[in-house]
Amino acid sequence: MPFANLKVPAGTLTAEQKEDLVVKVTDLYCATFGDAVRGNTMVLVDEVSDGGWGIRGEVLTLARIEQQA
């Protein structure tokens with residue numbers, strides 16, 4: 001079963017944007033493995049709380065992400 005776990009900052013995506021990610025990631029898996037995997041493809045969009053993750057040894061916050069954008 002293809003499985004994708006997407007981590008995003010909490011509160012940054014609307015329900016419609018999450019749905020769009022699920023559809024597009026599922027389509028990508030199907031383009032890669034064939035449409036037979038569509039019925040078993042799981043996409044999980046996890047919202048990570050502000051400050052609940054980091055990169056390069058630095059804690060990420062929504063303010064820092066917006067500042068860098």
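Is Asp20 buried, exposed or partly exposed? Asp20 is partly exposed, with a relative accessible area of 36%. The views below come from a predicted model.

**View 1. Overall chain.** Two helices and four strands make up the chain. Along the sequence they follow the pattern β-α-β-β-β-α. The chain is more spread out than a compact globule, because its radius of gyration is 15 Å, well over the 11 Å that the globule rule gives for 69 residues. Its C-alpha atoms fill a box of roughly 40 × 25 × 20 Å along the principal axes. Buried residues account for 19% of the 69 residues. Of the contacts between residues at least 6 apart in sequence, 61% join residues at least 24 apart. The accessible surface comes to about 4,900 Å². Carbon and sulfur atoms hold 56% of that surface.

View 2. Lys24 pairs with Asp20 in a salt bridge. Their closest N and O atoms are 3.1 Å apart. Both residues lie in helix 1. They are four residues apart, so about one helical turn separates them.

View 3. The structure holds six salt bridges. In one of them, the side chains of Lys18 and Glu47 meet at 3.2 Å, N to O. Lys18 lies in helix 1 and Glu47 in strand 2, so the pair ties together parts that are 29 residues apart in sequence. Lys18 is partly exposed, at 24% relative accessibility. Glu47 is also partly exposed, at 39%.

**View 4. A salt-bridge network.** Asp27, Asp35 and Arg38 are linked in a network of salt bridges. Within it, the side chains of Asp35 and Arg38 meet at 2.9 Å, N to O. Arg38 has a relative accessible area of 37% and counts as partly exposed.

**View 5. Thr41 in its loop.** Thr41 sits in the loop between helix 1 (15-33) and strand 2. Its relative accessible area is 15%, so Thr41 counts as buried, under the 20% cut-off. The Thr41 side chain reaches the backbone oxygen of Val37 at 2.7 Å. Beyond its neighbours within four places in sequence, Thr41 is in contact with Pro2, Thr26 and Tyr29.

**View 6. A nonpolar surface patch.** Met1, Phe3, Met42 and Leu44 make a nonpolar surface patch of about 420 Å². Leu44 belongs to strand 2 (residues 42-48). Leu44 is partly exposed, at 35% relative accessibility.

Technical notes: Residues numbered from 1 in each chain as written. Predicted model: local features only at pLDDT ≥ 70, side-chain atom pairs only at ≥ 80, totals over all residues. Heavy atoms only, no water. Patch = residues over 30% accessible without salt bridge, like charges linked within 9 Å, V, L, I, M, F, W, Y side chains within 5 Å. Areas by Shrake-Rupley, 256 points an atom, 1.4 Å probe, with all protein chains shown as cover. Salt bridge = Lys/Arg side-chain N within 4 Å of Asp/Glu carboxyl O. Buried < 20%, exposed > 50% of the residue type's maximum accessible area, 1.4 Å probe, protein only. Polar contact = N/O pair within 3.5 Å; in protein donor to acceptor, adjacent residues only side chain to side chain. Contact = heavy atoms within 4.5 Å. Rg over C-alpha atoms; globule rule 2.2 N^0.38 Å.
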